[in-house]
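Keep the model in view as you read.

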Amino acid sequence: RIRVPPWVLGRRGGRRPSLADAVLFWGSMPSAFGYYLYLRFGHLSHHAWHGSTAAAGGTEVVDASLAAAFASDAPNFEDGDVLFASHRMKLRGEAGPRVQVPPRLARAAARIRGKAPPAEAVRATVSVGRAAFRRWKPGHPGRNACLYAASFLAERAMLQVNDLVVAATGRNAFFPNKPEQFHRSCAAYCRCAAAVRTLLYLAGGWRAWTVLTLSEVLWCLPPHPAAAMFVTNHGSGRAEGEEEGCVPTSSTYAGRWYAALTLGTNYHMEHHDFPDVPFHQLGRLRRIAPEFYRGMEGGDEDIYEGDNVFRIMEKAFSEPEFYSCMDDANNLMEAGI
């Protein structure tokens, strides 16, 4: 591990950052939404815990819920992907985050509803994604896709504002229980990202900022083909063949062009099986172990690459599934997993 000067990234937990840390930090810029924070704190931990799992002994089910993600005091996000899935999939557990409502706003809301002013501090759940998802109608993919796009874009805009708040205050208020190490990393990134965005704006004006924003968000939204992978990579598929149970990850096989477009992230099941394998080698991994992956029954001579990405999106927005087999929690508990 090559060490770099602490001024490049700042100290975290008393240790000097590695070159990999610095590459991840600076290589993620310019960025409109702070995707680095997900990669740094949520991606690998998501591999260990996503959906619902059973506690030791199989006595209770633990959900990787939105509330758990925002209330956690762990240094990482237990499941960073649930923050994205909240816009488009069914979830178990409570929503989040819960924030304290300013007294004046609480009293004004009470007057509007014709109720007595609250005597104590009021906490409210703030979730743009869940609020929009509750308005989805089964069998209406067009309506649901529009609601998803609206909530996703609104949250992305809010994230840009929150980055400025974190840069100014040094804390991310949405994660009040996280350790100081987490908040220092958030603040360091937000300050550098805000400076880079300012330079980009000064150099190219609002057009440069708009291009940066759209380039980071449009691939997540239909009808962009990459959205098919993004909105279905953690559903609740059923195992094929002799195996039984729910499969919490899925891949999209739509040909080499699609793998190139998505930078190999369409091989999502393969990625979860072997997270250390580079994305550009995941297609080769599928060919090496054909018995474990869909569409390889005929071996290398007859590799299935016929997924229709637009039909995949239509189904995902018409009949949303539970995120990462959350509806299969009883089976997990009985198995003691």
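In this predicted model, a search of the whole structure turns up 19 aromatic pairs. Start with Phe25 and Tyr36. Their ring centres are 5.2 Å apart, and their planes meet at 75°. Planes over 60 degrees apart count as edge-to-face, so this pair is edge-to-face. Phe25 belongs to helix α1, residues 19-27. Tyr36 belongs to helix α2, residues 35-41. The pair therefore ties together parts that are eleven residues apart in sequence. Phe25 and Tyr36 are both buried.

Tyr253 sits in the loop between β6 (246-247) and α11 (256-261). Tyr267 sits in the loop between α11 and α12 (268-273). The two residues are 14 residues apart, and their pair links distant parts of the chain. Tyr253 is buried. Tyr267 is buried too.

Other rings join into a cluster. Ring pairs link Tyr38, Phe84, Phe133, Trp136, Tyr148, Phe152, Trp219, Phe230 and Phe317. Arg88 lies over the face of Phe230, 4.8 Å from the ring centre.

Where does the charged end of Arg40 sit? It is placed over the ring of Phe41, at 4.9 Å from the centre of that ring.

Key. Residues numbered from 1 in each chain as written. Predicted model: local features only at pLDDT ≥ 70, side-chain atom pairs only at ≥ 80, totals over all residues. Heavy atoms only, no water. Phe/Tyr/Trp six-rings, centres within 6.5 Å; stacked < 30°, edge-to-face > 60°. Helix = DSSP H or I, 4+ residues; strand = E, 2+ residues; numbered from the N terminus. Buried < 20%, exposed > 50% of the residue type's maximum accessible area, 1.4 Å probe, protein only. Lys NZ or Arg CZ within 6 Å of the ring centre and 35° of its normal.
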